[in-house]
Every structure is written in structure tokens, then in C-alpha cells.
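Thanks, everyone. I'd like a few minutes on one model today. Please bring it up on your screens.

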Amino acid sequence: MAAPAKRQGLILTCLALLAVVFFALDVLSGSVAIPFREVMHILFSRESENQAWLFIVEKIRIPKAATAVLAGCGLSVSGLLMQTLFRNPLAGPSELGITAGAGLGVASVMLAGGSAGGMYAVNQLGISGSWLVIVMASLGSALVMSLILLIAGRVKDNVVLLIVGTLSVISIWQYISQPEELQEYIMWTFGSLGGVTQYRLFVLTIVVLLGLLAAFVSSKSLNALLLGENYARSMGLSIVRSRLMIMTSTSLLTGSITAFCGPIGFIGIAIPHLTRALLRTSNHRILIPACCLSGTVLMLFCDIVAQLPGTQTVIPINIVTSLLGAPVVIWVILRSNNLRSSFS
């Protein structure tokens with residue numbers, strides 16, 4: 001047992017080092033060339049003789065890289081939770097419609113007067129718009145996830161209907177919305193890590209940490225659910241309470257990230273499989289932190305690729321994650337005969 005544990009520890013250490021390296025590279029990347037030494041000086045001392053460089057690094061690049069870290073952690077862990085809960089290796093936030101549910105919540109704010117009179121009324125009540133968007137996105141995620149659980153016996157047949165129904169409601173809102181609200185929403189659907197301000201980053205950090213904490217608390221329940229609900233009950237596990245905790249974690253993670261970064265696909269389904277294959281374990285006490293590190297590395301790498309170094313062009317993050325995540329999904333499908341073995 002010592003050898004596998006030592007190997008897993010080495011892999012986790014390597015992933016942590018890669019995360020640090022990619023974070024630095026992500027802060028270094030951008031349309032404005034800033035010397036590596038200057039970037040490191042700003043990161044550690046928060047000072048620079050060039051105030052323009054200081055502003056770019058502190059106000060734009062560091063928040064964007066931190067957002068990539070949170071998005072990578074949250075989406076990969078939420079995908080892991082759903083794959084275990086539904087015992088479905090192809091489950092993920094976007095594949096099961098959880099992201100679409102979060103999008104419905106965001107649309108209810110952005111397209112139903114959220115950027116004009118509706119948001120003014122909300123602010124008059126003393127509620128921050130950032131918190132409102134996260135709350136509505138999380139509620140949308142929870143609603144769709146609850147419906148999926150209710151029809152879990154035929155989930156493969158009904159998930160498509162849920163996604164189509166959700167998108168239909170959003171399409172109606174788009175049709176009746178004002179042009180400026182519609183443009184704002186369409187830009188959001190492309191996905192971006194660069195639109196998160198420092199205050200929004202603070203809000204996102206709190207919610208993602210709460211979601212990750214709920215996931216860590218659920219580790220024992222998730223391990224028991226791998227062996228089936230009957231076995232979990234025989235161990236004294238409350239299935240209803242465990243499902244509620246997992247749903248809360250997934251809704252907070254998917255809802256908050258989708259609210260501020262837009263719908264980001266493939267990370268939630270790809271990272272859990274890559275992590276299991278890398279660590280050769282199904283223990284969630286190991287998989288959850290490993291997914292956080294793997295998701296962080298991949299999201300930072302995707303953000304670096306999206307910068308197209310040396311140009312002024314920034315590719316929407318959803319396009320990059322799709323290009324990198326789609327081959328993993330194809331690999332999972334091709335291994336479909338052996339998929340269930342990773343859940344036992």
C-alpha cells in the first residue's frame with residue numbers, strides 16, 4: 001500500500017508545481033509584453049516603476065488567472081460529484097444540463113430587466129447584483145439537478161428534454177429582451193475569464209470555497225455511493241441527506257462559475273476521468289484535491305492558449321476547452337465497455 005500512496009503523493013506534488021508554473025505563465029501572457037522579471041517582481045512585491053504594467057498585472061491578469069483556478073477547481077469537482085451520484089461516466093455540468101439551468105438563472109437577471117430597472121430595484125433593497133446573479137444561477141442549477149434526480153430511472157432519455165426546455169425558455173426571453181440586454185447576454189454565452197472584477201472575484205471565491213468544502217465533507221458518502229445505494233444504507237448512510245449535500249455543492253460550484261464566466265464545457269466531464277486514470281483510485285478523499293489541481297492546470301493552460309501570444313486576439317475560453325476536452329470525451333465513449341469499472 002505504501003508504493004501506490006507514494007506514487008499518488010508524487011503525482012499530486014507534480015500537479016501542484018505545474019499549477020504554480022502555469023499561473024505564472026498565464027500572468028505573463030497577454031497582448032502587452034511585460035518582462036518576466038518585472039512580472040515576478042510585481043507578484044511578490046506588488047510594486048513597479050511602470051504604473052501601466054502594475055495596473056495590467058494587478059487589475060487584469062492576476063484576477064483572470066485566479067478566476068481560471070477557481071473555474072478549474074469548481075467545474076472538475078462538480079463533474080466528479082455528478083459522475084458518482086448518477087453512476088454515469090458521461091455526466092458533467094454541461095452534459096446533464098446543469099450549466100443550462102445556471103444559464104436560465106443568469107438569463108432571468110440579464111434579460112428580464114436585470115441590467116436596467118430590475119437591477120436598480122434589487123440594489124435599492126441592498127442586495128448586490130453580483131450576489132443576485134450567483135443566487136439565481138445556483139437556483140437554476142439546483143432546479144435542473146432536482147428534476148434529473150426525480151427522473152433518474154430514465155435519465156438518458158429525459159436530460160435532452162430538460163436541456164431543450166431550458167433553452168426554449170431562454171430563447172423566449174431573448175426574443176422579448178431589449179437589444180442592449182441581448183448583446184450583453186450573447187457575449188456572456190461565449191465564455192470568458194477576463195470579465196471578473198476584483199469584487200466579483202471575492203464573491204466567486206467565497207461561493208466556490210463553500211462548494212468545495214461541501215464536496216470534501218461528502219467524501220465518505222461519495223465513496224459509499226460508488227458501491228450502490230443499498231450498500232450505503234447498510235453502512236448507516238442517509239441517502240437523502242447525502243444527495244442534498246452533493247446537490248448543494250454542485251449547484252454552488254456550477255452556478256457561481258457559470259454566472260461570472262459563462263458556460264464552460266468539457267472540463268467537468270474530462271478532468272475526473274483523466275484524474276482517475278492518472279492516480280488509479282476511486283477514493284474521493286484523494287480524487288477531489290487531485291481534480292482541483294488537474295482542473296487548475298488545464299484551465300490555466302486553456303487561458304494561455306486563448307491569449308494567442310503575440311496577437312491582440314483572445315479566443316472565447318469555451319472554444320479552447322471544447323477543442324481540448326472533446327478528444328477526452330471520445331476516448332471515454334470508446335472505452336464504454338470498461339467505464340463501469342472505474343465506479344467500483
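Start with the network of salt bridges that links Asp26, Lys64 and Asp303. Keep in mind that this is a predicted model. The structure holds two salt bridges.

Take Asp26 and Lys64. Their side chains meet at 3.7 Å, N to O. Asp26 lies in helix H1, residues 2-28, and Lys64 in helix H3, so this pair ties together parts that are 38 residues apart in sequence.

Now Lys64 and Asp303. Here the N to O distance is 2.9 Å. Asp303 sits in helix H14 and Lys64 in helix H3, so the parts tied together are 239 residues apart in sequence.

Are these residues buried or exposed? Asp26 and Lys64 are both buried. Lys64 has 10% relative accessibility; the cut-off for buried is under 20%, so Lys64 counts as buried. Asp303 is buried too, at 4%.

Next, the second largest pocket. About 320 Å³ of space lies in it. Of its 22 lining residues, the closest to the centre are Lys64, Gly194, Asp303, Gln307 and Val314. Helix H3 (51-85) and helix H14 (284-306) each supply at least two lining residues. The largest share, four residues, comes from H3. By class, the lining has nine nonpolar, ten polar and three charged residues.

Last, the surface. Trp131, Tyr199, Phe202, Ile206 and Leu210 form a nonpolar patch there, with about 470 Å² of accessible area together. Four of the patch residues, the largest share, come from helix H9, residues 198-217. Trp131 is found in helix H6, residues 129-150. Trp131 is partly exposed, at 31% relative accessible area.

How values were computed: Residues numbered from 1 in each chain as written. Predicted model: local features only at pLDDT ≥ 70, side-chain atom pairs only at ≥ 80, totals over all residues. Heavy atoms only, no water. Patch = residues over 30% accessible without salt bridge, like charges linked within 9 Å, V, L, I, M, F, W, Y side chains within 5 Å. Areas by Shrake-Rupley, 256 points an atom, 1.4 Å probe, with all protein chains shown as cover. Salt bridge = Lys/Arg side-chain N within 4 Å of Asp/Glu carboxyl O. Buried < 20%, exposed > 50% of the residue type's maximum accessible area, 1.4 Å probe, protein only. 1 Å grid on protein atoms, 1.4 Å probe; cavity = no way out; pocket = protein on both sides within 12 Å on 5 of 7 lines; lining within 4 Å. Points joined across faces, edges and corners; volume = space filled by probe spheres on them. Nonpolar A, V, L, I, M, F, W, Y, C, P; charged D, E, K, R; others polar.
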